[in-house]
Protein chains: 2
Amino acid sequence: MGERILVVDDEPQMGRLLKTGLSARGYEVAVAVDGEEALDQAVRWKPDVIVLDLGLPLIDGLEVCRRIRGWSQVPIIVLSARDGEQDKVEALDLGADDYLIKPFGMDELLARIRVALRHSTRASVTEEPVLTFGELRIDRPRRIVTLKGQDIHLTPTEYELLRLLSSHAGKVLTHRTILRAIWGTSYEQDLPTLRVFITQLRRKIEPDPAQPTFILTEPGIGYRFQM
Amino acid sequence: MGERILVVDDEPQMGRLLKTGLSARGYEVAVAVDGEEALDQAVRWKPDVIVLDLGLPLIDGLEVCRRIRGWSQVPIIVLSARDGEQDKVEALDLGADDYLIKPFGMDELLARIRVALRHSTRASVTEEPVLTFGELRIDRPRRIVTLKGQDIHLTPTEYELLRLLSSHAGKVLTHRTILRAIWGTSYEQDLPTLRVFITQLRRKIEPDPAQPTFILTEPGIGYRFQM
DNA sequence: TGTTCTCATGAACAATTAATGAACATGTGC
DNA sequence: GCACATGTTCATTAATTGTTCATGAGAACA
């Protein structure tokens with residue numbers, strides 16, 4: 001089935017022209033003639049691309065762009081008669097993905113629509129690097145650690161320490177390496193501090209802190225995170 | 001620190017110009033003068049965006065574009081002196097993400113680079129237009145917030161802040177991320193301002209602002225909207 | 001042009017949270 | 001049992017965060 005394209009233009013002639021041209025290429029096309037209708041259609045019809053003329057009555061085209069960006073990442077291709085550099089910069093920074101100056105060629109618009117569609121299919125494949133060790137989950141993009149599904153609150157230092165150890169799971173990290181990585185070179189002798197934080201971390205993430213299963217001690221050397 | 005931009009241009013003058021302009025904005029810039037070098041740098045240096053001039057010796061610019069697309073999705077912005085529609089269509093269909101005609105304005109190029117970077121860092125956002133969290137309702141297309149059915153008046157900044165946090169519900173957003181998203185890069189150090197707005201928002205949407213249930217503090221990191 | 005209003009900003013201070021360092025406890029190998 | 005390394009607890013200090021309020025910029029209005 002063809003992808004959905006919402007055309008927003010107040011001039012009926014232009015709307016018809018675009019609708020015809022795009023439909024002929026197999027896209028499903030809807031036309032909105034003002035900002036209110038555009039927002040409404042964007043919510044209800046969920047287009048895959050929006051082609052937005054800036055010269056709108058009622059709500060300004062840029063405002064439409066900003067509002068849609070408040071809740072949706074749908075690609076927006078702006079059409080405008082104004083070719084000033086600042087106009088382009090403003091629209092692009094407000095969330096538009098592309099800016100075409102009228103008059104434009106239909107083939108170019110079609111090519112730019114293909115680029116936009118290519119982007120959205122790509123984005124949906126995004127995966128997140130979440131580390132899982134049994135019941136322990138370290139969601140680095142969200143900076144959230146859970147144990148058995150329960151959120152665990154870690155202080156910044158505790159989190160950094162866990163992140164360092166878990167991202168080198170299986171390897172022994174020496175005291176010195178850890179101290180330098182987290183507190184900097186000037187602290188690299190401060191073993192007592194490291195011990196305090198290891199204790200606190202274990203208390204928070206180990207089922208039985210006295211019998212650690214995640215953070216293992218390598219006597220005389222450092223610590224190792226169990227894979 | 002700054003994102004990496006690979007500039008591919010055989011004219012030394014143009015290369016220098018771009019390097020200067022982009023470096024001034026805080027980007028890390030490398031320049032390649034032919035196709036071979038461009039491919040090499042793309043593999044080894046892993047740039048975040050490639051700015052590619054089409055008029056290259058040895059390997060044609062379009063060929064560089066095609067080859068990079070064989071293994072990478074890095075955004076490619078093409079620069080060209082040719083403004084024929086078919087030239088644009090060809091480049092865009094070969095994998096280019098944007099096409100600028102020389103001469104172009106530096107501000108426009110910078111804006112289009114920001115668009116490209118936005119695409120690659122695009123975080124997953126709830127695409128549900130209206131968000132509901134218990135008694136709290138956030139109608140993003142209409143920009144209306146209600147608590148227990150009652151309209152809540154939010155200033156523009158307060159609304160943007162609430163929208164940003166709630167659109168990433170469950171995820172921790174760092175102070176820096178929030179400040180950049182709402183006030184722009186130049187404010188990214190201005191924590192006091194952010195605190196004031198967090199306080200005001202809590203006063204308006206939290207049943208008990210001293211015991212927040214929606215906007216949670218992640219000390220040392222940022223804030224998180226409770227899912 | 002002045003008046004009123006809203007909102008953003010920055011300073012001052014209070015409240016909260018985290019880091020630090022010392023003291024003491026535990027365990028392990030000899 | 002004796003060193004030595006490691007673990008734990010806790011009070012103190014430092015840093016971060018929350019709150020209030022005065023100021024001033026800018027918009028809306030007559």
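This is a predicted model: local features need pLDDT of at least 70, side-chain atom pairs count only at pLDDT 80 or more; totals for chains, interfaces and linings use all residues.
Residues are numbered from 1 along each chain as its sequence is written, chains are lettered from A and ligands numbered from 1 in the order in which they are written, and side-chain values use heavy atoms, with hydrogens and water left out.

**The interface of chains A and B**

Counting a contact as heavy atoms within 4.5 Å, 42 residues of chain A touch 43 residues of chain B. The area buried between the two chains, meaning the accessible area (1.4 Å probe) that two parts lose on being put together, summed over both, is about 3,800 Å², and carbon and sulfur atoms give 45% of that area. There are 7 salt bridges between chain A and chain B, a salt bridge being a side-chain nitrogen of Lys or Arg within 4 Å of a carboxyl oxygen of Asp or Glu. One salt bridge joins A:Asp151 to B:Arg224, with the closest N and O atoms 3.5 Å apart. Polar contacts are pairs of N or O atoms within 3.5 Å; within protein, one atom must be able to donate a hydrogen and the other to accept it, and residues adjacent in sequence count only if both atoms are side-chain atoms. Across this interface, 27 residue pairs are in polar contact, both residues being at pLDDT 80 or more.

On the side of chain A that touches chain B, the elements giving two or more residues are α2 (35-45), α3 (61-69), α4 (85-93), β5 (98-101) and α5 (106-123) of chain A; helices (H or I, at least four residues) and strands (E, at least two) are DSSP runs, numbered from the N terminus. The largest share of that side, 12 residues, comes from α5(A). By class, that side holds 14 nonpolar, 9 polar and 19 charged residues, where Ala, Val, Leu, Ile, Met, Phe, Trp, Tyr, Cys and Pro count as nonpolar, Asp, Glu, Lys and Arg as charged, and the others, Gly among them, as polar.

**DNA strand D**

A residue is near a strand if one of its heavy atoms lies within 4 Å of it. Among the 21 residues around DNA strand D, A:Thr217, A:Gly220, B:Thr217, B:Gly220 and B:Tyr223 come nearest. Sugar and phosphate make up 67% of the atoms of DNA strand D that come within 4 Å of the protein. The surface near DNA strand D divides into 8 nonpolar, 7 polar and 6 charged residues, and its largest share, 6 residues, comes from α8(B).

**DNA strand C**

Around DNA strand C there are 18 residues, of which A:Thr157, B:His153, B:Thr155, B:Thr157 and B:Trp183 come nearest. Of the atoms of DNA strand C within 4 Å of the protein, 87% belong to sugar or phosphate and the rest to bases. The surface near DNA strand C has 9 nonpolar, 7 polar and 2 charged residues, and α8(B) gives the most to this surface, with 3 residues.

**Contacts to phosphate oxygens**

| Protein atom | DNA strand | Distance to phosphate oxygen |
|---|---|---|
| A:Arg202, side-chain N or O | D | 2.8 Å |
| A:Tyr223, side-chain N or O | D | 2.7 Å |
| B:Gly220, polar backbone atom | D | 2.5 Å |
| A:His153, polar side-chain atom | C | 2.9 Å |
| B:His153, polar side-chain atom | C | 2.7 Å |
| B:Tyr187, side-chain N or O | C | 3.5 Å |
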